[in-house]
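Please open the structure in your viewer and keep the selection tool at hand.

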Amino acid sequence: MATAAEHHNQTALVGTWTSIPDAPLVQNPGHPSEGLYRLKVNSDGTLTPLDFIKMKSPSWIVKSHDGRFAYTTNEENAGAVTALAIDNSGKVRVINAVDSHGQQPTHATISPDGKFLFVANYSVAKGGASVAVLPIHHDGSLGEQVQNFPFADGSGAVKDRQDGGHAHSTTFTHDGKYLYAADLGGDKLHAYAYHAGKTQPLQADTARDVTFPAGSGPRHMVFSPDGKHAYVTTEMAAEVVVFAVQDDRLERQAAVKLNTENSSAEYRSGGGIILSPNGKYLIAANRGSDNSLVVFRIEQDGSLGSPVRYKADGIEPRAFAFDASGKFLYVANVFTNNITLFHFDAESGALKAAGEVAKIATPTDIKFFN
């Protein structure tokens, strides 16, 4: 458990896109992002800018289990992943960068044993989507790719979004024995057995694959703290799909809409999903014309309680995270170029908006380091 002193000695890293998206709701920041931004977390939850590391589109940040290293996906046509060292004062140093062997890498996760990084190459264009497996060395550096699983075929249900496969996230089961990769383009979760002792650690297990209704677009995934349930956001259907987990197999239980009042396509854009630090609540985002955070209590049987909705105080809330204290929730709103803060009540699950705490061009992720 982090101490009170550590809570007051936190650094936030904010990932970004370094080119300005061509989308109707984008507010032009005037100057594109320079790369990865470092900010001090103050005791009241506000953020003070410190510096930045210049790099291309560090869109997603993964923290090593001991917090000494971080890895960013560089979400460009020529996809890459950058390894970073974080010292005790929170200063950041680039260790190395390697090819992601795909286009627009948008998400990654580290194996429970810390040996490998699993990268989701989204790829806007057909043909560049895959899951890439990169070894992590003892000094935190990344090795060259040892495996690659292409996501070639899309379901074709949603034109221009599902013409090909699109890997959007990689998530380990609670016991660390399986990795699930969300394929937004193919309306699938692809399952892989993880063998830690092998140089090529993943083995496809198609019997455990999960198929979603056509046009759903599975995006991100979390497992309950006890590992007995899984929750997946779907982007185009804008739902949280609830699964029971037994022997690392997923059985669909329910689908809960992120917006019950407006079902039009503009209001369906499911995004990130996280658990509250105490594991009692699930928080998901709906973007598009909605731009809300949706909080669900996780019931004893793993089902979700009634949704409570909060405006994100920005447009396109792509990612959000709690700081080490668990009291503050920060939201990266890409199109309004801001980070917004919410105070979180761990017992009731209530969020209280505390306004904008940073202006950064096209922020896509935020993570915290002690």
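## The enclosed space

A search of the whole structure finds one cavity of 30 Å³ or more. Here a cavity is a set of points, on a 1 Å grid over the protein atoms alone, where a 1.4 Å probe fits but cannot get out. Rolling a probe the size of a water molecule over the atoms shows where empty space is left. The model is predicted: local features need pLDDT of at least 70, side-chain atom pairs count only at pLDDT 80 or more, and totals for chains, interfaces and linings use all residues. Residues are numbered from 1 along each chain as its sequence is written, and side-chain values use heavy atoms, with hydrogens and water left out.

Select Ser59, Trp60, Glu75, Thr106, His168, Arg219, His220, Arg318, Ala319 and Thr364, which line the largest cavity. A lining residue has an atom within 4 Å of a point. The space inside the largest cavity is about 60 Å³, where a volume is the space filled by probe spheres set on the grid points, which are joined across faces, edges and corners.

Next, colour strand E4 (58-63), strand E17 (218-223) and strand E25 (317-322), each of which supplies at least two residues of this lining. Strands (E, at least two residues) and helices (H or I, at least four) are DSSP runs, numbered from the N terminus. By class, the lining of the largest cavity holds two nonpolar, five polar and three charged residues. Ala, Val, Leu, Ile, Met, Phe, Trp, Tyr, Cys and Pro count as nonpolar, Asp, Glu, Lys and Arg as charged, and the others, Gly among them, as polar.

## The largest pocket

Which residues lie nearest the centre of the largest pocket? Select Trp60, Lys63, Val222, Ile274 and Lys367, the ones nearest the centre among the 39 residues that line it. Strands E4, E8 (105-110), E12 (167-172), E17, E21 (270-275), E25 and E29 (363-369) each give two or more residues to this lining. E25 gives the most, with five residues.

A pocket, in contrast to a cavity, is an open set of points with protein on both sides within 12 Å along at least five of seven lines. The largest pocket contains about 1,400 Å³ of space. Its lining comprises 20 nonpolar, 14 polar and five charged residues.

## The second largest pocket

Now select Trp17, Arg161, Glu235, Glu316 and Phe335, which lie nearest the centre of the second largest pocket, among its 34 lining residues. This pocket has a volume of about 1,000 Å³. Its lining has 13 nonpolar, nine polar and 12 charged residues.

Remain at Glu316, in the loop between strand E24 (308-311) and E25. Is Glu316 buried or exposed? Glu316 is buried, because its relative accessible area is 11%, and buried means under 20%, exposed over 50% and partly exposed in between (1.4 Å probe, protein chains only). Glu316 also has a positive phi of about 70°, although it is not a glycine.

## Ala238 and Glu239

Move to Ala238, in the loop between strand E18 (229-234) and E19. Ala238 is not a glycine, yet its phi is positive, at about 55°. With 3% relative accessibility, Ala238 counts as buried.

Select Glu239 next, in strand E19 (residues 239-246). Glu239 is buried, with a relative accessible area of 15%. Leaving aside neighbours within four places in sequence, Glu239 is in contact (heavy atoms within 4.5 Å) with Val232, Thr233, Thr234, Arg252, Ala255, Val256, Lys257 and Leu258.

## An exposed lysine

Select Lys91, in the loop between strand E6 (80-86) and strand E7 (92-99). Lys91 is exposed, because its relative accessible area is 51%. Not counting residues up to four places away in sequence, Lys91 touches Arg38, Ala85 and Ile86. Display the distance from Lys91 to Phe369: their C-alpha atoms are 10.0 Å apart, although 278 residues separate them along the chain.

## The whole chain

Finally, zoom out to view the protein chain, whose secondary structure comes to one helix and 29 strands. Its C-alpha atoms fill a box of roughly 50 × 50 × 40 Å along the principal axes. Of the 370 residues of the chain, 59% count as buried. Among contacts between residues at least 6 apart in sequence, 49% join residues at least 24 apart.
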